[in-house]
Each structure stands twice: as structure tokens, then as C-alpha cells.
Amino acid sequence: MSNFTGPGPGPDDPYQGQRPPQPPYQPAAPGPSPVSEADDRQWASLAHLGGILMFLPSLVLWLLFKDRGPLTGVEAKEALNFQITLLIGYFAVNFFATVIGFLTFGIGGVIGGLAWVLYILGVVFSVLGYLQAKDGNHYRYPFALRLIK
């Protein structure tokens, strides 16, 4: 006689020591849930306005919302491409300002001021993009390398 009174096969065990049947595997939802039209316009406009802080806000918004909102996906990608173009411009201006500054003993370093011109252009075009996107319209920057397709 055994003192074991735990679960196991016995007269009252409907499965006779076997594991009970498991429910079939249900895969997770196919993807992230879409955002509403108002939220889509809001995030799209913020992707443009984030250009004031350089490329990071538009990159984050594009990665988070590219599959959730059609307007946000397009506008964040456009803003990101513009910010990458400006970043390349900043590097080019600073490189040439440094080289010319060394060759002219610092006088050519004034060219570095062109980086401010690029920043001001970036702010102006980002605000224009914000104003278009908040109304649900697409905005295309006048000059941008379309690196992200």
C-alpha cells in the first residue's frame, strides 16, 4: 500500500496518466495596431518638426510608426531623408572649413559659418513640413537625397 495521494493514474483520472490535450497554437496578432487618422497626422507632423533637433526624432518615429500609419510612414521617411542630407552637408562644410582653415592659418575657418545657414534652412523647411503634415498633406523637401526608399 502506498502513502502517495498526489495526482496520478487512478480510477478518477480521466486521462489515465496522460497529459491533458493542449489547445492548438495560436500565433500572435499579425502586426502592430494602426493608429487613428488624427494620431497619424499628429505623428507625421511631429516627424517634420523633430527636424529642429536633427535626425533622431524622425528616425524614431519612422521606425515606430512606418507600419502603423500611412501618412506617418511617408512623412517620417521624407523628414529622415532630409535630415540625413543636412547631416552630410554639416560634415562637408566642417571638413572643408577645417582644411581651408589649416591652409590659411585660420582665416578660412569662417566657412564654418555655413553650417548655421544649413541649420536655419533645416528649421525653416521642417516647420513648412510640419504645417503641411498637420493638415494631412504630403510635403516634399526641395532638396534631399532619397536614401531611404
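Modeller: Let's start with a word we will need: contact means heavy atoms within 4.5 Å. This is a predicted model, in which local features need pLDDT of at least 70, side-chain atom pairs count only at pLDDT 80 or more, and totals for chains, interfaces and linings use all residues. Residues are numbered from 1 along each chain as its sequence is written, and side-chain values use heavy atoms, with hydrogens and water left out.

Biologist: Which residues of helix 2 are buried?

Modeller: Buried means under 20% relative accessible area (1.4 Å probe, protein chains only). Helices are DSSP runs (H or I, at least four residues), numbered from the N terminus. In helix 2 (residues 56–65), Ser 58, Leu 61, Trp 62 and Phe 65 are buried.

Biologist: Why do they line one face of the helix?

Modeller: An α-helix has 3.6 residues a turn, so residues three or four places apart point the same way. Here the buried residues of helix 2 fall within an arc of 100° seen down its axis, so they line one face. That arc is taken from the directions from the helix axis to the C-beta atoms.

Biologist: What do these residues pack against?

Modeller: The buried residues of helix 2 pack against helix 1 and helix 3. Ala 47 lies in helix 1 (residues 37–49). Leaving out residues up to four places away in sequence, Ala 47 touches Ser 58, Leu 61, Ala 76 and Ala 79.

Biologist: Is Ala 47 buried or exposed?

Modeller: Ala 47 is buried, at a relative accessible area of 1%. Its C-alpha atom is separated by 7.7 Å from that of Tyr 130, 83 residues apart along the chain.

Key. Helix = DSSP H or I, 4+ residues; strand = E, 2+ residues; numbered from the N terminus. Buried < 20%, exposed > 50% of the residue type's maximum accessible area, 1.4 Å probe, protein only.
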